[in-house]
Amino acid sequence: MKNTLIVLLAAALAVALGIFGYMWLGMYNMGADSPHWKATVAMLTMMRERSIEKHAASIEVPNDINDPAIILKGAGQYAAMCAGCHLAPGVTDSEIRPGLYPQPPNLSQVRVDPRQAFWVIKHGIKMSAMPAWGFSHDDATIWSMVAFLQKMPGMTPAEYHAIVAKAPPDEDMGPMDSGAMMQSHAHADRASSHTHDH
């Protein structure tokens, strides 16, 4: 029994040293254009989903999440900060999206749990392009984005453009916000026009 335990510990140590050596020698390709192994994807996906579920479980959703004014504010926030990666109704791609790995979800097509959406927007996700917006935006602003995310799936491109056009500016983003929104709107308009042309 003792010899078996020693052999198992030695094997585990050899595996650990082998993995460390593989990483230290720089053999692992960190390029975003080189996908993970399927086993790695499965492990990271499970870890990410379970982590988000656990950390978001105790978050309380505000009672005013369906307030039209809050949803309207969230529409502007989303257009300025999120649409480039997470797309919008009628938009199927963006300049940055093809180079992102893992690919962000298309939030115009999926309705996310509000508690989990709040946690992810506020804290971000390690080793991905998802930033922690909590450093620059307060909880009320983040909840406005969450409120909008509950309404966006099912919106037509025209409905999306209309609500974004009426949205207040993103004060937290500073003077660059209006330009960012204009670029986002222009891209969405071009994509929508291209869709209608075909």
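This is a predicted model: local features need pLDDT of at least 70, side-chain atom pairs count only at pLDDT 80 or more; totals for chains, interfaces and linings use all residues.
As background, nonpolar side chains tend to be buried together in soluble globular proteins.

Leaving out residues up to four places away in sequence, Phe148 touches Ile71, Gly74, Ala75, Tyr78, Met155, Tyr160 and Ile163.

## Where α3 meets α6

A packed pair of helices is described by the angle between the axes and the distance between them. Here, α3 (residues 68-81) and α6 (residues 139-151) pack at about 95 degrees, and their axes are 7 Å apart. So α3 runs roughly perpendicular to α6, because angles from 65 to 115 degrees fall in that class.

Who's touching whom? On the α3 side you'll find Ile70, Ile71, Lys73, Gly74, Ala75, Gln77, Tyr78 and Met81, and they meet Thr141, Trp143, Ser144, Met145, Ala147, Phe148, Leu149 and Lys151 from α6. Sorted by type, the residues of this contact come out as 10 nonpolar, 4 polar and 2 charged.

Gln150 is also part of α6. Is Gln150 buried or exposed? With 17% relative accessibility, Gln150 counts as buried, because the cut-off for buried is under 20%. Apart from neighbours within four places in sequence, Gln150 is in contact with Arg111, Val112 and Pro114.

## The first helix

Helix α1 (residues 2-24) is 23 residues long and spans 33 Å from its first C-alpha to its last, close to the 33 Å expected at 1.5 Å a residue. Helix α1 is hardly covered, too: the number of buried residues among its 23 is 0. Just past α1, Gly26 has a positive phi of about 75 degrees.

Most residues other than glycine have a negative phi, and most peptide bonds are trans. A few places in this model go the other way. Which kind of peptide bond joins Tyr101 to Pro102? That bond is cis, with omega near 5 degrees, and Pro102 sits in the loop between α4 (83-86) and α5.

The loop between α4 and α5 also contains Leu87. Leu87 is not a glycine, yet its phi is positive, at about 65 degrees. With a relative accessibility of 2%, Leu87 counts as buried.

Met127 is another non-glycine residue with a positive phi, near 55 degrees. You'll find Met127 in the loop between α5 and α6. Its setting is an open one: Met127 is exposed, with a relative accessible area of 71%.

## The whole chain

Stepping back, the protein has 8 helices and 0 strands. Read along the sequence, the pattern is simply α-α-α-α-α-α-α-α.

How much of the protein is buried? Of its 198 residues, 31% count as buried. As for contacts between residues at least 6 apart in sequence, 69% of them join residues at least 24 apart.

How values were computed: Residues are numbered from 1 along each chain as its sequence is written. Side-chain values use heavy atoms; hydrogens and water are left out. Axes are lines fitted to C-alpha atoms, for helices over the stretch in contact, and angles run from 0 to 180 degrees between N-to-C directions. Helices (H or I, at least four residues) and strands (E, at least two) are DSSP runs, numbered from the N terminus. Angles under 35 degrees count as roughly parallel, over 145 as roughly antiparallel, 65 to 115 as roughly perpendicular and the rest as oblique. Contact means heavy atoms within 4.5 Å. Ala, Val, Leu, Ile, Met, Phe, Trp, Tyr, Cys and Pro count as nonpolar, Asp, Glu, Lys and Arg as charged, and the others, Gly among them, as polar. The expected span of a helix is 1.5 Å times one less than its number of residues. Buried means under 20% relative accessible area, exposed over 50%, partly exposed in between (1.4 Å probe, protein chains only).
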